[in-house]
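Here is a short tour of a protein model, written to be read with the structure open beside you.

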Amino acid sequence: MATADSLRFFLQVARSGRLNEAARVLGVDHTTVGRRITALEKSFGYRLFDRAPHGWRLTEAGARLLPRAEAVEAAVIAAFESHDAALGGLTGTVRIVAPDGFGAFVITPHLVDLRRRHPQLDVELVTATEHGSISARHFDVAVTLERPSPRYLRSSELASYDLRLYAADAYLATAAPLRDLRDLRAHTLISYVDALLDVAPLRFLSALPHEQHVAIQTNNITGHWLAARSGLGIVPLPTYIGDADSSLRVVLDDGFAVRRTYWLVVPRDLARLGRVTAVVEFLRDVVAADHYFTVPKRDRRDPETVVPRRRRSSER
């Protein structure tokens, strides 16, 4: 018979795809994990995983069980959370997944505010510009650049932001003149490693009217920012990074302007947990207070539907 504890083993293997990783999280050895999964499969009468050298993958039966197991997990977590809240404040750990720029330059400086609100809440902030962390469902709250599939996830628009081209005076002083976008061909451009980039909204160089050679490529936006500050070249940056740095100046402001949107994503089975709703509220407060973002106005008839809010003249 399946129990909440046996489903816990199932969930960890489903999320990690590897016995060793699941064992590490659960604090047991991998043989124990394998034995518990085998026993669970016998109790159901069918296989939950396809075993392969590169990892364990859910069968169709396992995929059907996954949302039900997550619902059981959420109920158990909620029971403990209610008990902890009654004793005073939110406790436990919440994992936030976000793109590099938003995580490092927006969330991190404001974590002190979240800590003041909920001093007993532990936070894991994972920053990455790729889909892996979302598809693996290893998060409690995520900020993404693309709206994910609605299956098992709730998503809503968090905020929109603008990208501009920036460079340091040290670079511009010796570089070729910049009159229009085509002049970029004579300049050192800094951007992501194209071969490793799987997030379509970050392929903003496609907005250029010509094919552009990118001489400096790194997979981290902090690297882009530091390279531009050093005088290495021209870099596309969100205005919340570029405008906030007095050592950088906007170039070709009238010729290059790209708008992108951040989406706020939570697993449906965790959406009502206190620590998740607390982080969602925190993130919405952060972007609402920052004039570099355009935040949506929520439609009260549908909590997952949003409409744009006009920016105040002071925010333009």
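Is Arg 275 buried or exposed? Arg 275 is buried, with a relative accessible area of 10%; buried means under 20% relative accessible area, exposed over 50%, and partly exposed in between, using a 1.4 Å probe and protein chains only. The side chain of Arg 275 reaches the backbone oxygen of Thr 93 at 3.0 Å, where a polar contact is a pair of N or O atoms within 3.5 Å, one able to donate a hydrogen and the other to accept it, and residues adjacent in sequence count only if both atoms are side-chain atoms.

Before going further, a word on the model. It is predicted, with local features needing pLDDT of at least 70 and side-chain atom pairs counting only at pLDDT 80 or more, while totals for chains, interfaces and linings use all residues. Residues are numbered from 1 along each chain as its sequence is written, and side-chain values use heavy atoms, leaving out hydrogens and water.

**The chain as a whole**

The protein chain has ten helices and 13 strands; these are DSSP runs numbered from the N terminus, helices being H or I of at least four residues and strands E of at least two. Of its 316 residues, 46% are buried. Contact means heavy atoms within 4.5 Å, and among contacts between residues at least 6 apart in sequence, 74% join residues at least 24 apart.

**Two helices**

Arg 275 belongs to helix H10, residues 274-288.

| Helix | Number of residues | Expected span | C-alpha span, end to end |
|---|---|---|---|
| H1 | 13 residues | 18 Å | 18 Å |

Buried residues of H10 include Val 276, Val 279, Val 280 and Leu 283. In H1, the buried residues include Phe 9, Phe 10, Leu 11 and Arg 15. Gly 17 follows H1, and its phi is positive, near 75 degrees.

**The cores**

A nonpolar core is a set of buried Ala, Val, Leu, Ile, Met, Phe, Trp, Tyr and Cys residues joined through side-chain atoms within 4.5 Å. The largest one has 60 residues, and Val 141 and Leu 283 are among those with the most contacts inside it. Strand E6 (residues 153-168) gives this core its largest share, eight residues. A second, separate core of 18 residues includes Phe 9, Leu 11, Leu 19 and Ala 69.

What does Val 141 touch, not counting residues up to four places away in sequence? Its partners include Val 276, Val 279, Val 280 and Leu 283, along with Val 94 and Leu 264.

Phe 256 sits in the loop between strands E10 (248-251) and E11 (258-267), yet Phe 256 is buried, with a relative accessible area of 3%. Leu 163 is 93 residues from Phe 256 in sequence, and their C-alpha atoms are 8.2 Å apart. Leu 163 is also one of the residues that Phe 256 touches, as are Phe 204 and Leu 208.

Pro 296, in strand E12 (residues 296-298), counts as buried at 15% relative accessibility.

**A hairpin to finish**

Strands E1 (residues 49-52) and E2 (residues 55-58) run antiparallel and are joined by four bridges; two strands pair if DSSP finds at least two bridges between them. The hairpin between E1 and E2 passes through two residues, and Arg 51 has Trp 56 of E2 as its bridge partner.

Notes. Expected span 1.5 Å × (residues − 1).
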